[in-house]
Amino acid sequence: FKTEQMSILAATFTTSIFLFLSNLLLPIENMPEFFMNIVKFNPFLISVSLLRKSILFRQTVVQLNEEILYLVIFIIALLLLYTVVYFTISNKKQPI
């Protein structure tokens, strides 16, 4: 993005989509099956699920390892994406 405002707008838009599809505003059971399969990997939904299971059902970290693994994979994928975008943008700004 060329300006800081566009970056903030894109981040807000992406976060809004994740929040809308996170079971906090609209139950997942009311969504079409296609969306239900995609929403399972939403980091907001996974985080809410982790909190519910750990606080309400007193599950340990070992019992929650699959969901924690999804979050770690998501974080690593985002870091790789940001790194690629950063180096792509920084290479365009440097004169040859």
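Where is S22 found? Before I answer, please keep in mind that this is a predicted model, in which local features need pLDDT of at least 70 and side-chain atom pairs count only at pLDDT 80 or more, while totals for chains, interfaces and linings use all residues. Residues are numbered from 1 along each chain as its sequence is written, and side-chain values use heavy atoms, with hydrogens and water left out.

S22 sits in the loop between helix 1 (4-20) and helix 2 (33-39), where helices are DSSP runs of H or I with at least four residues, numbered from the N terminus. S22 is buried, its relative accessible area being 0%; buried means under 20%, with a 1.4 Å probe and protein chains only. A polar atom of the S22 side chain lies 2.6 Å from the backbone oxygen of L19. Leaving aside residues up to four places away in sequence, S22 touches N42, F44 and L45, contact being heavy atoms within 4.5 Å.

The loop between helix 1 and helix 2 also holds M31, which is buried with a relative accessible area of 8%. M31 touches F20, L21, L26, M36 and V39, again not counting residues up to four places away in sequence. Of these, L21 is 10 residues from M31 along the chain, and their C-alpha atoms are separated by 9.2 Å.

Definitions and conventions
Helix = DSSP H or I, 4+ residues; strand = E, 2+ residues; numbered from the N terminus. Buried < 20%, exposed > 50% of the residue type's maximum accessible area, 1.4 Å probe, protein only. Polar contact = N/O pair within 3.5 Å; in protein donor to acceptor, adjacent residues only side chain to side chain.
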